[in-house]
Amino acid sequence: MSYSATGAQLGKTILSEADVARVVDRIAHQILEKTSGAQDTILLGIPTRGVPLARRLAARIAAFESIAVPLGVLDITLYRDDLRLRGARAIGHTDIPAGGLDGRRVILVDDVLFSGRTVRAALDALQDLGRPRSVQLAVLVDRGHRELPIRADYVGKNIPTAFDESIKVHVAEHDGADGVVLMPATATGGAK
Amino acid sequence: MIKHLLSAGDLDAVSANLVLDTAAEMASLAGREVKKLPTLRGRTVVNLFYEDSTRTRISFEAAAKRLSADVINFSAKGSSVSKGESLKDTALTLQAMGADAVVVRHPASGAPHRLANWVEGSVLNAGDGTHEHPTQALLDAYTMRSRLGCVAGLHVVIVGDVLHSRVARSNVLLLHTLGAKVTLVAPPTLLPVGVDTWPVETSYDLDAVVPHADVVMMLRVQNERMDQAFFPSAREYARRYGLDRPRMRRLPEHAIVMHPGPMNRGMEIAPEVADSARSTIVEQVANGVSVRMAVLYLLLGGKS
């Protein structure tokens, strides 16, 4: 099954493969700028597609300044607030870099910022894993419709959407190719 | 995912592996500073124990508390059961209190099945008579997987009082589902009628089977359920069906020794075997919490 093929047929491509690469480069630069050279900084990807995005940010930061930023995975399944509505989901693996989070600057990385509930769950999860000095948020796409007082520190692209449209972020690791596609409401039945 | 866990046979290979995978993630919690997850906040889990138990009750209690559920412990001693209250009336009381899950242990085989028709929440069988103990089978499979990598293809030898053992019944069902080969070893008097219809091989000779085992699971001789003489003497039983040091030495290098507990040291298992590096007995208890967390999460989360 090829998401990109489906996307090309049904949705409107917002970011091409080259666009995604440029956006990731820009966010990497912004992180270096805002964290004075990524000192004491940890990148935590939120599964599924936040993980490869975090990996790429780390790779770009390494390419620009030869700094190895510790990289981890933060699974938030057990901290979600929709267990009663959606039922149990398979749990992903959480992987915190050696040295822990205490006193570090943690940058959460996700593909799409929508209601803000995923980030809320991630903040709760972080609290149980340690005490970071500060927490920032990097997303590839901000599509609006926030339900909680949460904003991103680094945004790849703001895409105004209707509530029942959906945004598909494709990454090569999972979907064969990079890209961001806006799906009309009828194509997927809503939610991200 | 299913609503109740009454029998290990309720699980197909996909859902059994889902439980084991989930348990593996739950286990990573043990290394954390805050060993608590908010997942089941506001849910109530009732431990309904009509039979004595230490590890299973404590294990379920720890599992529910680590997921932030509220736990109510009920043991038949010191409750209205001693005044003659029936299982059904007790169940309706629990229902009125709004139990989201009932963990039940009962001396009568099939009691959890009856209970499942009376309460709205999920029912988890924590051992019913000589019938089944599915979470024990899951934690045993989890232990095999973490020690030996994979359950499929393993040769598991279950030794001892199969007749009275709910652990053996649940293990046979689950291990068959997961693709392991099971051999039951017991004196003829302690093998149940109809065992030839189970997906297992049977043997009366432990010495012949030991060199080909990946896992040896010793069962407790359940004196409290034995109303007649099933073997001549404890010494003879220990000599023919007990796992002592010479027998352990004849096991393959990688083989592990399991026991669901509580042990009769010197009877079915020699103390030096129980305390050896092959023994997973303490590990099984630790894994029990992770596996029960996974089961509670998947059963209670399955409700929509």
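**A guided tour of chains A and B**

Begin by selecting domain 1 and domain 2 of chain B, whose centres, taken over C-alpha atoms, are 25 Å apart. This is a predicted model, in which local features need pLDDT of at least 70 and side-chain atom pairs count only at pLDDT 80 or more, while totals for chains, interfaces and linings use all residues. Residues are numbered from 1 along each chain as its sequence is written, and chains are lettered from A and ligands numbered from 1 in the order in which they are written.

**Stop 1: the domains of chain B**

Colour residues 8-132 + 285-301 as domain 1 of chain B and residues 134-280 as domain 2; such bounds come from an automatic or database domain assignment. To their contact, domain 1 of chain B gives 24 residues and domain 2 of chain B gives 20 residues (C-beta atoms, placed from the backbone, within 7 Å). On the side of domain 1 of chain B that touches domain 2 of chain B, the elements giving two or more residues are α1 (13-27), β4 (122-128) and α11 (281-301) of chain B. Helices (H or I, at least four residues) and strands (E, at least two) are DSSP runs, numbered from the N terminus. That side of domain 1 of chain B holds eleven nonpolar, eight polar and five charged residues. Here Ala, Val, Leu, Ile, Met, Phe, Trp, Tyr, Cys and Pro count as nonpolar, Asp, Glu, Lys and Arg as charged, and the others, Gly among them, as polar.

**Stop 2: two helices of chain A**

Next select residues 17-34 (α2) and 50-65 (α3) of chain A, two helices that pack at an angle of about 65 degrees with axes 9 Å apart. Axes are lines fitted to C-alpha atoms, for helices over the stretch in contact, and angles run from 0 to 180 degrees between N-to-C directions. The angle therefore makes α2(A) roughly perpendicular to α3(A) (65 to 115 degrees). Show side chains where they meet: among them are V24(A) and I27(A) in α2(A), and L57(A) and F64(A) in α3(A). The residues of this contact of α2(A) with α3(A) comprise eight nonpolar, one polar and four charged.

**Stop 3: a sheet in chain A**

Now display the open sheet of three strands in chain A, with the order β1-β8-β7 and antiparallel pairing (strands pair if DSSP finds at least two bridges between them). β1 (12-15) and β7 (166-170) of chain A stand at the edges with a single partner strand each, so one side of each has no neighbour in the sheet. From one strand to the next, the twist averages 30 degrees. Which residue of β8(A) is the bridge partner of I167(A)? The partner is L182(A).

Note on methods. Angles under 35 degrees count as roughly parallel, over 145 as roughly antiparallel, 65 to 115 as roughly perpendicular and the rest as oblique. Two residues are in contact if their C-beta atoms, placed from the backbone, lie within 7 Å.
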